[in-house]
Amino acid sequence: MRMSPKGNTESVGEMGQEFLQSSSKNSTPRWGQNHAGAQELASLYSTQKRIQEYVCVIIGAYLMLYVGAMLVVNFRSENWTVPLLAGFLGIIVADFFSGLVHWAADSYGSVTLPVLGKAFIRPFREHHIDPTAITRHDFIETNGDNFMIAVALLTPNALRFYLANTTSIEASYSIQSFFYLLAVFVTLTNQIHKWSHTYFGLPRWVTLLQDLHVILPRKHHRVHHVAPHETFFCITTGWLNYPMERYGFWTRLEDCIQFFTGIKPRVDDLKWAKKG
């Protein structure tokens with residue numbers, strides 16, 4: 001079911017209609033923690049996955065502190081605009097890549113894929129049939145994978161600060177600032193996503209940022225959770241969802257993939273929804 005940025009129903013897609021028809025045939029939960037598919041997916045969260053998340057959080061936090069400290073030490077007052085510009089570009093790029101990863105994992109692949117399936121696609125499948133599961137996840141489970149991306153982004157920065165001379169650091173300060181703030185916003189993305197599903201007990205400063213649409217608002221993200229989950233994929237701020245939908249970015253991309261490969265989007269997602 002395609003939703004407009006204003007939340008109006010424009011049409012019911014083929015897969016969305018199939019989902020609604022299959023859900024209406026029985027009295028079992030269509031979503032939530034009692035949904036059979038959600039329970040099966042939750043059971044696939046493994047000890048190995050937990051260890052990976054812990055390691056990524058520890059290393060990512062260390063790199064964030066180290067690179068952040070180096071940026072402060074090497075800051076020059078005449079370059080005060082650099083962090084502002086780097087921050088703005090960082091949050092835009094983070095929002096885009098949050099949408100790209102979200103769209104790809106929602107639309108393609110399977111939980112049965114070796115390595116990637118249970119570790120990285122499973123949470124996306126669980127989230128659509130039990131959207132509030134994320135609110136029951138602790139800090140490690142919520143943010144571990146995003147810290148892994150931060151590790152990849154910040155390791156080159158850390159090595160440059162450790163190995164390079166002052167002249168080289170000054171020359172690359174702008175790009176270092178960009179990648180650092182990009183890593184920060186990427187790391188925060190799933191926490192922001194979790195807040196968009198949390199309706200009780202949020203700090204006032206979080207709800208204020210949501211209300212001002214500085215971070216992903218709750219009402220805005222609800223558009224994505226209308227089956228078959230084919231719109232509003234960007235989840236850092238959600239700013240890019242409007243132009244992406246205006247120009248049909250994700251739909252055109254899916255059409256190209258289907259034209260060249262024959263692969264339809266969200267087939268595995270629908271399969272798990274039907275397990276209810």
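Contact means heavy atoms within 4.5 Å. The legends below describe close-up views of a predicted model.

**Figure 1. Overview of the protein chain in the predicted model.** The secondary structure of the chain consists of 13 helices and two strands. Of its 276 residues, 49% are buried. Among contacts with a separation of 6 or more, 70% are between residues 24 or more positions apart.

**Figure 2. Packing of helix α2 against helix α5.** Two packed helices are described by the angle between their axes and the distance between the axes. For α2 (residues 36-43) and α5 (residues 116-129), the angle is about 150° and the axes are 9 Å apart. Angles over 145 degrees count as roughly antiparallel, and α2 and α5 are therefore roughly antiparallel to each other. The crossing of α2 past α5 is left-handed. On the α2 side, the residues in contact are Gly-37, Ala-38, Leu-41 and Ala-42, and on the α5 side they are Arg-122, Arg-125, Glu-126 and Ile-129. Sorted by class, this contact comprises four nonpolar, one polar and three charged residues.

Figure 3. Apart from neighbours within four places in sequence, Trp-272 contacts His-35, Gly-37, Glu-40, Leu-41, Val-111, Arg-125 and Ile-129. Among these, Gly-37 and Leu-41 also take part in the α2 side of the contact with α5, while Arg-125 and Ile-129 belong to the α5 side. Trp-272 and Ala-36 are separated by 236 residues in sequence, yet their C-alpha atoms are 8.9 Å apart in space.

**Figure 4. The largest nonpolar core.** This core has 28 residues, of which Met-64, Val-67, Leu-71, Leu-154, Tyr-180 and Leu-182 touch the most other members. Two or more residues of the core are given by each of α3 (47-73), α4 (81-107), α6 (139-163) and α8 (173-196). Helix α8 supplies the largest share, nine residues.

**Figure 5. Contacts of Met-64.** When residues up to four places away in sequence are not counted, Met-64 touches Phe-147, Ala-150, Leu-154, Tyr-180, Ala-183, Val-184 and Thr-187. Of these, Leu-154 and Tyr-180 are listed, together with Met-64 itself, among the core members that touch the most others.

Figure 6. Most residues other than glycine have a negative phi, and most peptide bonds are trans. The peptide bond between Ala-227 and Pro-228 is cis, with omega at about 10°. The phi angle of Phe-232 is positive, near 55°. Phe-232 has a relative accessibility of 1% and therefore counts as buried.

**Figure 7. Positive phi at His-213.** His-213 is situated in the loop between α9 (204-211) and α10. Although His-213 is not a glycine, its phi is positive, with a value near 60°. The relative accessible area of His-213 is 17%, and this residue is therefore buried.

Key
Residues are numbered from 1 along each chain as its sequence is written. This is a predicted model: local features need pLDDT of at least 70, side-chain atom pairs count only at pLDDT 80 or more; totals for chains, interfaces and linings use all residues. Side-chain values use heavy atoms; hydrogens and water are left out. Axes are lines fitted to C-alpha atoms, for helices over the stretch in contact, and angles run from 0 to 180 degrees between N-to-C directions. Helices (H or I, at least four residues) and strands (E, at least two) are DSSP runs, numbered from the N terminus. Angles under 35 degrees count as roughly parallel, over 145 as roughly antiparallel, 65 to 115 as roughly perpendicular and the rest as oblique. A crossing is left-handed if the near helix is turned anticlockwise from the far one by less than a right angle, and right-handed if clockwise. Ala, Val, Leu, Ile, Met, Phe, Trp, Tyr, Cys and Pro count as nonpolar, Asp, Glu, Lys and Arg as charged, and the others, Gly among them, as polar. A nonpolar core is a set of buried Ala, Val, Leu, Ile, Met, Phe, Trp, Tyr and Cys residues joined through side-chain atoms within 4.5 Å. Buried means under 20% relative accessible area, exposed over 50%, partly exposed in between (1.4 Å probe, protein chains only).
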